[in-house]
Amino acid sequence: ERFSPNPIEAQPTSLFARAEKRIPGGVNSPVRAFRSVGGTPFFVRSAQGATLTTEDGRELIDFVCTWGPAIHGHNHPRIRAAIADALTRGTSFGAPHAGEVELAELITKFFPSIQKVRLCSSGTEATMSAIRLARGFTGRDRIIKFSGCYHGHSDSLLIKAGSGALTHGHPDSAGIPAAFARETLVLPYNDCSALDAVFTAEPDTIAAVIIEPYCGNVGFIIPDPGYLAHLRKLTAKHGTLLIFDEVMTGFRLAPGGVQELEAITPDLSCLGKIIGGGLPVGAFGGRSDIMDALAPSGPVYQAGTLSGNPLAVAAGIAALLLLEELNPYAQLDTLGRQLRDAALAAARAKGIPLQVPQCGSMFSLFFNAEPVRDYANALKSDAALYARLFHAALARGVYLAPSAYEAGFISTAHAGEAIDRACEQISAAIHEL
Ligand code: PMP
């Protein structure tokens with residue numbers, strides 16, 4: 001029989017129907033499918049400033065900001081120009097180039113805890129590699145992560161809490177061997193006594209603790225004062241490396257991330273999102289003595305064909321230089337407060353319990369009577385009500401995160417008309433619930 005290619009549809013079909021036929025679930029990353037809020041995702045034709053334009057011609061004020069990177073808004077002319085300029089010199093070299101050095105110098109300038117940094121192509125690679133490095137450096141296998149924190153989808157980190165005193169983890173996905181999961185202990189976030197208990201039971205077996213110092217992956221949670229300092233003290237005492245996953249928060253909440261805000265020095269940090277200016281970049285770095293354990297200086301292997309890609313690095317440098325020039329953090333916090341206050345006022349008027357944790361340009365909307373301190377609290381929020389808000393806001397031209405358990409992001413491009421209109425429309429959407 002002759003091979004015949006897939007028959008071309010005679011009738012025009014919706015993009016999502018075509019996507020579902022050829023891409024699992026129709027999407028290349030699960031949350032894009034709107035499974036948790038229901039409905040069918042829109043397709044983006046273009047993105048400019050604070051606005052997404054969909055294939056069916058709608059304009060949406062975007063509070064997802066490509067899940068964090070777009071702190072300057074979409075398609076910023078300076079970043080676009082930097083990519084265009086780099087493009088004239090080639091798309092990938094597989095050999096060292098000056099841009100890598102410049103981005104490494106910029107990262108280490110803003111993150112004093114990062115003495116040396118290795119670039120990779122995603123946040124997942126950054127955290128996966130930081131964990132391997134911590135294990136190789138300490139000679140220990142066990143790691144600790146926290147419920148609700150997401151660190152990408154490597155096997156050691158896609159682990160959820162099990163039951164029992166030591167909370168040995170369980171795979172949070174099919175395809176992860178239980179034997180891997182046993183090496184990851186999962187603790188409740190923001191709970192000093194749970195940490196104390198583990199380090200009492202396992203004083204010298206934990207290679208690393210990895211944490212989102214402010215958590216942006218179960219909604220947005222800021223830990224209690226003193227929690228991160230306690231974690232720093234305990235890990236230092238036990239020879240355990242402290243890894244701050246600042247893939248979301250790095251350069252977003254402050255130039256030096258949460259570690260700058262909280263004055264805590266982790267041993268290793270993971271970055272991504274903003275440092276790629278909207279192109280694929282991740283990075284991990286920290287103390288020189290630890291980083292020197294990486295190949296080719298040391299025994300811990302890590303590599304990447306496209307690591308330090310010249311286009312991505314050029315975009316990242318442009319994004320960071322623009323942050324340095326504009327220092328937009330006070331302005332972003334004003335925008336965040338405006339949105340928070342509008343949503344809270346609307347919910348109060350409507351008599352709906354709403355929590356809006358917010359710091360700078362990150363926030364989330366929890367329909368919850370109690371302030372959310374951890375994953376268990378977050379899960380008590382009314383996700384069905386959030387789904388209704390999501391669709392009411394979308395109908396009014398505002399794109400909130402398509403899940404009750406994702407943080408929202410604001411960009412400098414939201415200043416002015418976009419934030420005012422978004423606040424009006426979100427308030428009206430809450431009123432409609
Ligand atoms: N760490 C954190 C804190 C993240 O928020 C994410 C992604 N949202 C990752 C790691 C993984 O990054 P990536 O999606 O680029 O692999």
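Two strands are taken to pair if DSSP finds at least two bridges between them. On that basis, Cys 359 stands opposite Met 362 in strand S14. The model described here is predicted.

**The S13-S14-S16 sheet**
- Three strands, in the order S13-S14-S16, make up an open sheet with antiparallel pairing.
- Strand S13 (358-359) and strand S16 (408-409) are its edge strands, each of them pairing on one side only.
- Between S13 and strand S14 (residues 362-363), the antiparallel pairing runs over two bridges.
- In general, the strands of a sheet pair through backbone hydrogen bonds, in either a parallel or an antiparallel manner.

- To the contact between them, domain 1 contributes 24 residues and domain 2 contributes 23 residues.
- On the side of domain 1 that touches domain 2, S14 and helix H12 (375-379) each supply at least two residues.
- H12 gives the most to that side of domain 1, with three residues.
- Sorted by class, the side of domain 1 that touches domain 2 holds 15 nonpolar, six polar and three charged residues.

**Nonpolar core**
- The largest nonpolar core comprises 131 residues, and those with the most contacts inside it are Ala 134, Ala 208, Ile 243, Ala 283, Ala 343 and Val 398.
- Helix H10 (residues 310-326) is the element that gives the most to this core, supplying ten residues.
- Because domain 1 (15-71 + 329-432) and domain 2 (77-326) both give residues to this core, it lies between them.
- Once neighbours within four places in sequence are set aside, Ala 134 is in contact with Ala 207, Ala 208, Leu 241, Ile 243 and Leu 268.

**Ligand shell**
- There are 16 residues around the ligand, of which Ser 122, Gly 123, Thr 124, Gly 152 and Val 247 come nearest.
- Helix H4 (residues 123-138) provides the largest share of this shell, namely three residues.
- By class, the shell around the ligand consists of four nonpolar, ten polar and two charged residues.

**Backbone features in loops**
- Ala 295 and Pro 296 are joined by a cis peptide bond, with omega about 10°.
- Pro 296 is located in the loop between helix H9 (288-291) and H10.
- Asn 75 is not a glycine, yet its phi is positive, at about 55°.
- The loop between strand S3 (59-62) and helix H2 (77-87) contains Asn 75.
- Asn 75 has 15 other C-beta atoms within 10 Å and is therefore partly exposed, since that class falls between the limits of 12 or fewer for exposed and 20 or more for buried.
- Lys 273, also a residue other than glycine, has a positive phi near 50°.
- Lys 273 lies in the loop between strand S11 (268-271) and strand S12 (282-286).
- Lys 273 counts as buried because 28 C-beta neighbours lie inside 10 Å, the limit for that class being 20 or more.

Note on methods. Residues are numbered from 1 along each chain as its sequence is written. This is a predicted model: local features need pLDDT of at least 70, side-chain atom pairs count only at pLDDT 80 or more; totals for chains, interfaces and linings use all residues. A residue is near a molecule or strand if its C-beta atom, placed from the backbone, lies within 6 Å of it. Helices (H or I, at least four residues) and strands (E, at least two) are DSSP runs, numbered from the N terminus. Ala, Val, Leu, Ile, Met, Phe, Trp, Tyr, Cys and Pro count as nonpolar, Asp, Glu, Lys and Arg as charged, and the others, Gly among them, as polar. Two residues are in contact if their C-beta atoms, placed from the backbone, lie within 7 Å. A nonpolar core is a set of buried Ala, Val, Leu, Ile, Met, Phe, Trp, Tyr and Cys residues joined through C-beta atoms within 7 Å. Domain bounds come from an automatic or database domain assignment.
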